[in-house]
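Welcome to this short tour.

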Amino acid sequence: MKAMVYSEYGMTDVLELKEVDIPELKANEVLVKTYASSVNSWDWDLLRGKPFLTRLGGIRKPRYNILGADIAGRVEAIGENVKHLSVGDEVFGDISGCGWGGFAEYVSVCEEALSLKPANMTFVDAAAIPQAGVLALQALRDKGRVHETKKVLINGAGGGVGTFALQIAKLYGAEVTCVDSKGKLEMLKSIGADHVIDYRAEDFTKKEDQKYDLILDVVGNRSIFHYKRALRSEGKYVMIGGSSFLILQLLLLGPIINKTERKKMAILLHKPSKEDQNFLKDLYTAGKLVPVIDREYSLNQVPEAIDYLGEGNTKGKVVVCVEDSHS
C-alpha cells in the first residue's frame, strides 16, 4: 500500500510517499481502507517533535512512522475477536490510541475506536469530526459545563476545534464571542458567532466591560493572569492547546486561583471517546452540526496539507482524500 512515512523529526521535507506492507490484524482489530483522513495540530507537533512532550515513547526517533489520527473508510477485514463490525461497514474514528496511521491506504484499528458512519455523512465530513469535535465537546460540556453559562468566548475559534465549539456552544444556548484573525471572522459569523474580535486589532482581556462565564482557549498565547482578568466571578477557563509556559502556569498557579478567586483554570487532556463520536454523529444526522472544510488534499499532498495547517490560516478543517470513495 501507499503511505506517507517519516523516520526522523523535522519539517514536512522529511515526509516520503512510500510503498509499505499492509498492516497485519490483531484479534480485536479491523482493517480499514482509508478514504479520508483529516489533519490535526497533533500531526504538526509529532512531525517536528515539538513541544518535547510529544516525544514520549520516541525520544530520538518517532514512535509511529505514519501520522494521521482521524480516519473514515470501509472495513476490509476483521480480526477473530471483533464483535460489532463487519466487512463492508463504513466507519470513522480517532485512532490516536491505536498507533495512528491515517495517512495511508489501509490502517488496522481496534474495533472500539470506530463508529459506524451514517449514510448521509460524507467520508470527508466523517474524517473531520473525531478529534476536533470530541475535544470541543468535552471542553465545553465536561470541563466548562456550558449548560450553566451564558457568555462564552472562544480564543482561536477559526480552526477545527473552534468551529465545532462555536456550533456546540450555540446548541446549548450560549452567547458566543469568537477571537481570531480578520480573515476568519466572516466565516465565524456565518456559522453562528454572536460577536467576533480580530485579535490583532483588539485585546479581549483588557475590556473591563466584557467578562465571560467560560473561556475556551485553543491557542494558549497569553498569560494565565490575562485570561483570569477576562473571567466573571465563578467563571471557567479551559485550555485545549497552547504554550508549554502556559501549561506550567496552569499546573502551578491554577489550583491557587481556583481556591482564592472563585475562578476555575483547567487544562483539557485529549481523551478519544466513541460515545462522544456517536453524540456528534447524531447532531450531524439531525442537521445541527456541520464540519467546516477549508481545503482537501490528496495523499501525495500531505506535506502541503500539514504546512498549510502549520501556517495557522485554516478556516475549519483540512482533509486528506486518500481514496476516491466512489471508486
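**Stop one: a strand with two partners**

Select strand E3 (residues 29-39) and then E15: the two run antiparallel and are joined by four bridges. Strands here are DSSP runs (E, at least two residues) and helices are DSSP runs too (H or I, at least four), numbered from the N terminus. Two strands pair if DSSP finds at least two bridges between them.

Before you go on, a word on what you are looking at: this is a predicted model, where local features need pLDDT of at least 70 and side-chain atom pairs count only at pLDDT 80 or more, while totals for chains, interfaces and linings use all residues. Residues are numbered from 1 along each chain as its sequence is written, and side-chain values use heavy atoms, with hydrogens and water left out.

Zoom in on Ser-38, whose bridge partner in E15 is Val-319. Tyr-297 stands opposite Val-320 of E15.

Is E15 (residues 317-321) mostly covered or mostly open? Four of its five residues are buried, so E15 is mostly covered. Buried means under 20% relative accessible area, exposed means over 50%, and partly exposed lies in between (1.4 Å probe, protein chains only).

Next, show helix H9 (residues 302-310) together with E14 and E15: they make a right-handed β-α-β unit. To check the hand, point the strands away from you; in a right-handed crossover the path from the first strand over the helix to the second runs clockwise.

Move to the second largest pocket, which holds about 280 Å³ of space. Its lining has 17 residues, and the closest to its centre are Pro-23, Ile-66, Gly-99, Trp-100 and Gly-101. A pocket is found on a 1 Å grid over the protein atoms alone, as an open set of points where a 1.4 Å probe fits, with protein on both sides within 12 Å along at least five of seven lines; lining residues have an atom within 4 Å of a point. The volume is the space filled by probe spheres set on the points, which are joined across faces, edges and corners.

Which strand gives the most to this lining? Select E6 (residues 106-110), which supplies three residues.

Now click Trp-100, in the loop between strand E5 (90-94) and E6. Trp-100 has a positive phi of about 60° although it is not a glycine. Most residues other than glycine have a negative phi. Trp-100 counts as buried because its relative accessibility is 6%.

**Stop three: another positive phi**

Go to Arg-145, in the loop between helix H3 (130-143) and strand E8 (151-155). Arg-145 also is not a glycine, and its phi is positive, about 45°. With 36% relative accessibility, Arg-145 counts as partly exposed.

**Stop four: a covered helix**

Finish at helix H4 (residues 160-171), where ten of the twelve residues are buried. Among the buried ones are Phe-164, Leu-166 and Ile-168. How far apart are the end C-alpha atoms of H4? They are 17 Å apart, which agrees with the 16 Å that twelve residues should span at 1.5 Å a residue. The expected span is 1.5 Å times one less than the number of residues. Just after H4, look for Gly-173, which takes a positive phi of about 90°.
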